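This briefing goes with a protein structure. Please look over the sequence and the model before reading the points below.

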Amino acid sequence: MAPETPAQGPTPRYFTWDEVAQRSGREKERWLVIDRKVYNISEFVRRHPGGSRVISHYAGQDATDPFVAFHINKGLVRKYMNSLLIGELSPEQPSFEPTKNKELIHEFRELRATVERMGLMKANPVFFLLYLLHILLLDIAAWLTLWLFGTSLVPFLLCSVLLSIVQAQAGWLQHDFGHLSVFGTSKWNHLVHHFVIGHLKGAPASWWNHLHFQHHAKPNCFRKDPDINMHPFFFALGKVLSVELGKQKKKYMPYNHQHKYFFLIGPPALLPVYFQWYIFYFVIQRKKWVDLAWMITFYIRIFLTYVPLLGLKGFLGLAFMVRFLESNWFVWVSQMNHIPMHIDHDRNMDWVSTQLQATCNVHKSAFNDWFSGHLNFQIEHHLFPTMPRHNYHKVAPLVQSLCAKHGIKYQSKPLFSAFADIVHSLKESGQLWLDAYLHQ
């Protein structure tokens with residue numbers, strides 16, 4: 001009898017980077033690469049827990065580093081990815097595209113391993129518990145101010161300020177849970193995220209996830225980062241895009257004056273005029289009923305606690321004042337790290353270069369850390385989005401060393417200089433637009 005031939009597994013399919021790049025979604029089909037393995041995500045994008053757009057932004061590209069950065073239980077996620085696997089890169093193909101810095105990628109991955117060994121990806125529960133308690137105590141203090149001292153102008157304004165602090169700080173705290181940086185499991189992070197953003201702030205977790213993860217995946221990349229969607233209809237952002245807009249002879253606003261009207265339609269208006277109403281449209285249009293239920297608990301709570309003291313008109317005035325103050329706080333802090341930085345189309349650069357060209361830091365101090373929710377360490381946060389915020393300052397020297405070795409600019413500045421740079425950059429890009437519009 002002839003000896004039995006051992007069973008052979010299926011021959012793996014091999015692909016080139018050119019083949020992968022052609023599946024970027026423009027022709028409906030979407031592929032991406034993780035650790036040299038090629039995945040077809042064309043149908044999966046609609047089921048992706050992080051949202052369809054964030055994963056689609058890496059279609060046609062290597063997504064190894066963002067995959068590692070965004071997921072806290074990578075082993076579990078990989079099991080679900082097996083059904084999407086269609087092959088791997090051919091042996092002669094490099095592990096990443098030629099637009100990416102090979103040495104920088106390898107050294108950043110070594111840094112990531114070092115950070116994990118140091119325990120910097122593990123949260124201190126006491127820190128976040130105390131942070132939540134300080135928010136709740138301020139919330140109670142705001143109500144007691146009116147209950148004890150009446151509803152005249154001074155107590156009303158003091159209550160407004162206290163509630164604005166509550167809303168801003170709850171915004172920074174929900175950001176921690178949204179990034180899965182507090183608990184070791186996604187389930188608990190998501191649950192408390194719903195409580196903080198839904199019950200304490202009256203906003204939907206799904207809306208925040210939909211926008212914010214895209215921002216982290218491709219910061220300051222036009223048509224991929226929703227945080228710069230105000231270009232071109234309200235502002236001309238960045239040198240490259242502003243000149244491009246001018247050459248195309250497009251003018252939706254008088255951009256050469258945008259550094260002036262920013263003070264009218266930017267910080268004061270974003271929350272009370274836009275976000276406050278859009279979030280309801282978002283949850284109803286997408287049928288996010290769990291988010292809507294959490295939001296309703298917020299509005300029931302503040303209605304029952306403040307209407308008996310202020311009446312309906314006074315309550316509406318308080319609600320508007322709080323959103324107005326919070327909006328100014330939020331916009332200045334959230335834009336100081338990004339608007340003055342490089343803004344462009346997606347050039348498919350490596351993870352470190354993508355994040356560093358779009359982010360800058362603000363100097364560490366007890367006040368700056370508290371005021372910005374530790375987002376003054378924006379560089380470290382973008383490189384390690386699931387890292388607990390109390391560890392940013394520990395990893396910062398390691399990131400600075402990596403940047404210095406590879407000639408990457410690591411920017412850190414005083415708080416008010418960062419605020420001023422928003423206005424300066426808007427003035428500069430507005431002038432670049434005008435020059436291109438008139439002369440190119």
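The model is predicted. The protein contains 18 helices and 6 strands.

**Overall form**

- The radius of gyration of the protein is 24 Å, close to the 22 Å that the globule rule gives for 440 residues, so the protein is as compact as a globular protein of that length.
- The C-alpha trace spans about 100 × 65 × 45 Å along the principal axes of the protein.
- Of the 440 residues in the protein, 51% are buried.

**Helix 7 and helix 8: geometry**

- Two packed helices are described by the angle between their axes and by the distance between those axes.
- Helix 7 covers residues 153–178 and helix 8 covers residues 186–200; their axes come within 8 Å and cross at roughly 160°.
- Angles over 145 degrees count as roughly antiparallel, so helix 7 is roughly antiparallel to helix 8.
- Helix 7 and helix 8 cross in a left-handed way.

**Helix 7 and helix 8: contact residues**

- Helix 7 contributes Gln167, Ala170, Leu173, Gln174, Phe177 and Gly178 to the contact.
- Helix 8 contributes Asn189, Val192, His193, Val196, Ile197 and Leu200.
- What kinds of residues make up the contact of helix 7 with helix 8? They divide into 7 nonpolar and 5 polar residues, with no charged ones.

Definitions and conventions. Residues are numbered from 1 along each chain as its sequence is written. This is a predicted model: local features need pLDDT of at least 70, side-chain atom pairs count only at pLDDT 80 or more; totals for chains, interfaces and linings use all residues. Side-chain values use heavy atoms; hydrogens and water are left out. Axes are lines fitted to C-alpha atoms, for helices over the stretch in contact, and angles run from 0 to 180 degrees between N-to-C directions. Helices (H or I, at least four residues) and strands (E, at least two) are DSSP runs, numbered from the N terminus. Angles under 35 degrees count as roughly parallel, over 145 as roughly antiparallel, 65 to 115 as roughly perpendicular and the rest as oblique. A crossing is left-handed if the near helix is turned anticlockwise from the far one by less than a right angle, and right-handed if clockwise. Contact means heavy atoms within 4.5 Å. Ala, Val, Leu, Ile, Met, Phe, Trp, Tyr, Cys and Pro count as nonpolar, Asp, Glu, Lys and Arg as charged, and the others, Gly among them, as polar. The radius of gyration is taken over C-alpha atoms; the globule rule is 2.2 Å times the number of residues to the power 0.38. Buried means under 20% relative accessible area, exposed over 50%, partly exposed in between (1.4 Å probe, protein chains only).
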